[in-house]
Each structure stands twice: as structure tokens, then as C-alpha cells.
Amino acid sequence: MGPDDVVAPDERLSWGKTVGLGAQHVVAMFGATFVFPLIMGLNAQLAIMMSGIATICFLLIVQGRVPSYLGTSAAFVGAVAAIRAQGGDSSTVTGAILVAGAVLALVGVAIHFLGSTVLHKVLPPVVTGAVVMLIGFNLAPVVANIYWPQDQWIALLVMTFTIICAVAFKGFVGRIAVFLALIFGFVLSWVFDKVFGQITSFDAGAGKETTHWRVNLGGVSDASWFGFPPATTTGADGKEIVGIHAPTFTMAAILLVLPAVIALIAENTGHVKAVAEMTGHNLDPMMGRAIAADGVGTMLASSVGGSPTTTYAENIGVMAATRVYSTAAYYVAALVAILFGLSPKFGALVAATPGGVLGGITVVLYGMIGLLGAKIWKENGVDFGNPINLVPVAAGIVIGIGGVNLKFTQDFTLGGIALGTIVAIGAYHLARALAPEDLRLRADGPTTLITTTEANYGDSDGIDDLYQDEPGGRDLRQH
């Protein structure tokens, strides 16, 4: 293979090179795929295993024409935090996610038969950006009240390391900044234990302030090397120890997670378009299949207690750098993920991640998710001088971020992300219907969403860098 050669999705290198590329894809997806389950209170070992299974299903549904990896989605984090704040357990969380996956799959089927223009009319960039923004910024209290107080100095140092790593190193190292920050924070917490001893701080597991070690690897030494992820049990303290479980369904929880479907639609749309540009293939006919396949992957993972899935920009970045788009490498990555998921020792190591480390990581991640909503507006030229765009979206964002509630009955209240999303979408279309024709024409703007939410942890550069990473610096959007 020469430096300028391209390996198409339906082609394959030698098995040795394919395995090597598959290993790169594993590293690219690995950090976020187990960090986000931890943040959502789900089992990371199970999430890794199900991400591999979901990826294989995705590749089969898209007939191998859209090379992508399905890792854990960040779009659901805010809704999951809200569900747990209302007393919901993991089965309630995964039940709501499963329904969201079903809705996403149905949207994909509709797009497949009706065409993608319907999607852009219902969810124009101004609305999509607003939803992504309120999903991210709604999470600020989670950082402030749960993760950061567990170890503020570790959190501060990990946050600083994440920022430096993401901006000082270009290419692949920058893309895995959060994964590297996780390792850095783990080692730093261990050093702090040796130097300063135990810490007295808020303990999320106990739900109160306790004196404890930052790093506790007792569960790692007790875990076996091989075996399925454990079933959900209840600990001696009465708290849930999450593992494999069956989902349960409540309407309140379902309404909280449905806005995440909008973020996933935008994300999948952007990713498919990026792959199409890089490969030079017209993938518009596969858009509906890709969105539906992501929905099926989310349903499959959550049906046994796993995390929601989404296509990963980190892996698209690997393809842009290597010019190898072979789906065979993704099958290898999926199989490696399944093997990791069959190691309880790996799962115990992930579960031992100190809370302060997650504090430093999440303060960056959640802000990135919110600001990437603004990136969608910028890339699509949204005009906020037009009241059709400005007024309804302003209302929806404040409702979503501020946690405004609308109480219908004693048992049913709509608020936060769910209410903010409904207001942003509904009020936008109402304003558009009532506005004079000149304002409607100005509000139309681009008819196609040209960026992605990039809600995954590592791709702080977004779609623009996927084009710029292409060897030779050629901007694919000009061709």
C-alpha cells in the first residue's frame, strides 16, 4: 500500500495490517466508551462488550458501506442524571434508553423511505444546536455537586492536563486526551494516597462525607480474568451494584431521554456525510439505514443493561489519517471490545476510577457538549438577528438549563431537558408559521446540516479537522 493509496470500505488489507488498524480503532473508541457508562452509573465492562456487538449489527445493517464504530453515547448523560435525581434506578434508565433507541430506529426507517429533506425541515440546525447546547449545560450541577467535591485538587489537575493534552498535541494524541487524562488522574490519585494519606470528602457511593482512600483496588484483585459481566445486585449498604439487568419502563423517564434522539440524529447525519466525503462515495441512500442501525444498536445494548450507542468521530478521525476505510478493521475492533467485555478484572479496574478524576474530566466534557451546540449554529450560518431563530430557541435553552418545571398532576411533571426541547422545537415551528414571508426566507439558511454534535469525548476539533487531517491538507469540501 503506497502513501497515496486508499482502501475502500469493501476492500481489505492483509490480515496482519487489518488487525493493527483494528487495534487503533479500539484505542480511539476506548476512553469514551467506558468513561460515559461510569458517569451514567452503568456497568462499563458490559458497555464495552455491547459496543462490540452493536458495531457488528451496525455494519451488517448498512451492508458494510458506512465504516463506523458504535461507542457509548454522551447525549443521554443529562437525562440519566435527571432520572437518578428523581429516584430512578439503572433498570429505569436503560428502559428509557431502549425506548429512545426504538424511536431513533423508526426515524431512520422513515428517512430511508421519505428522504433526508424531511429531517432537515423538522429539525433545522437552529433547533438541533439548541438541543445539544441544553443537553451539555444542563449537566453543570452534576459536576459541581457530585464529582468535583470528591477531590477538588485532583479534579483541578486532571482538568488542566486534559486541556493541555487536547490543545498541545495534534492528531491522534489530542483525540485521546480524555483517555490519557484518565490514566494520569488514576496514577496521580495513587501518588496522593501514598504522600498525603486518606482524604475526607464527599463519597458518591456512600452519599455523604467520609474518610477513604482515593484509589481502592480491592475489587480488582478479587475479580476473575474471564467471565461475563455480573448481574445487578444490592450491596450490604442497600445500594445498587449495577450489571446485567432487564429494563423497566416509566413515562417520566422516557420523556426525559427522548431529546437525546435529536442529538443522535444530528450526530449520525454529520458522521455519514464526513465518511461520504472522505471515501468519495454517495452515502445519502444509506443515511436512513445508518440512523436506524444506531437505534437498533442502542436497543440491543440497553436490553441487557448496557449503555446507549452512537457512531464515533474518533474512529472517523483514524480513517482520515490512515486513508483506510475498510470495514474489516471495524469487525476486528468489535471483536476486541467483546473480549474486553468478557474480563471481570477489567470491569473492576474501571469501576475503581476515583471520583476526583471523573470531576476533572466531566467539567471539560460537559462544557464541550454544550458549546458544540453553538458550533452547529456557526457552521450552518444560523442568523440570530431573525426573531424566528432567536426567540423560541432562547426560551427553550433557559428552560432546559435552568431546570424549569411544568407540573401537570401530582405524579407527572415535565421539565429540564425534555421541556426545553419541546419548547425549542414547538415554538420554533409556531413562530415560523406565524412570521411574515421575508422572515421565513431569511430563517431558511442552508438546507442541509453540515456539522455534527460531536458529543463523544475526544473529538474537540470536530468535523472541520476530519477534513484537515486528510493527508496533504486537501479540503474535501472543495471537491
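**Entry 1: Q63**

I started with Q63, which is exposed at a relative accessible area of 51%; buried means under 20%, exposed over 50% and partly exposed in between, with a 1.4 Å probe and protein chains only. Before going on, I noted that this is a predicted model, where local features need pLDDT of at least 70, side-chain atom pairs count only at pLDDT 80 or more, and totals for chains, interfaces and linings use all residues. Residues are numbered from 1 along each chain as its sequence is written, and side-chain values use heavy atoms, with hydrogens and water left out.

Where does Q63 lie? I found Q63 in the loop between α2 (44-61) and β1 (70-72). Helices here are DSSP runs of H or I with at least four residues, strands are E runs of at least two, and both are numbered from the N terminus. The phi of Q63 is near 60 degrees, a positive value in a residue other than glycine. Most residues other than glycine have a negative phi.

**Entry 2: the whole chain**

I counted 22 helices and eight strands in the protein chain. Of its 479 residues, 56% count as buried. I then looked at contacts, meaning heavy atoms within 4.5 Å. Among those with a separation of 6 or more, 79% are between residues 24 or more positions apart.

**Entry 3: α8 against α18**

Two packed helices are described by the angle between their axes and the distance between the axes. I looked up helix α8 (residues 152-168) and helix α18 (residues 355-379): they pack at about 45 degrees, with axes 7 Å apart. Axes are lines fitted to C-alpha atoms, for helices over the stretch in contact, and angles run from 0 to 180 degrees between N-to-C directions. The two helices are therefore oblique to each other; under 35 degrees would be roughly parallel, over 145 roughly antiparallel, 65 to 115 roughly perpendicular, and the rest is oblique.

Which residues of α8 meet α18? I listed I154, A155, V158, M159, T162 and I163 in α8, facing G356, V357, G359, G360, I361, V363 and V364 in α18. By class, this contact has nine nonpolar, four polar and no charged residues. Nonpolar covers Ala, Val, Leu, Ile, Met, Phe, Trp, Tyr, Cys and Pro, charged covers Asp, Glu, Lys and Arg, and polar covers the others, Gly among them.

**Entry 4: α8 against α10**

I went on to α10, whose axis comes within 9 Å of that of α8, crossing at roughly 150 degrees. From α8, the residues in contact include L157, F161 and C165, and from α10 they include F184, L188 and F192. This contact has 13 nonpolar, three polar and no charged residues.

L180 lies in helix α10 and counts as partly exposed at 25% relative accessibility.

**Entry 5: along α10**

Helix α10 (residues 177-196) has 20 residues and reaches 27 Å from first C-alpha to last. That is close to the expected 28 Å, the expected span being 1.5 Å times one less than the number of residues. Just after α10, G197 takes a positive phi of about 80 degrees.

Is D193 buried or exposed? D193 counts as buried, at 7% relative accessibility. Beyond its neighbours within four places in sequence, I found D193 in contact with W213, R214 and V215.
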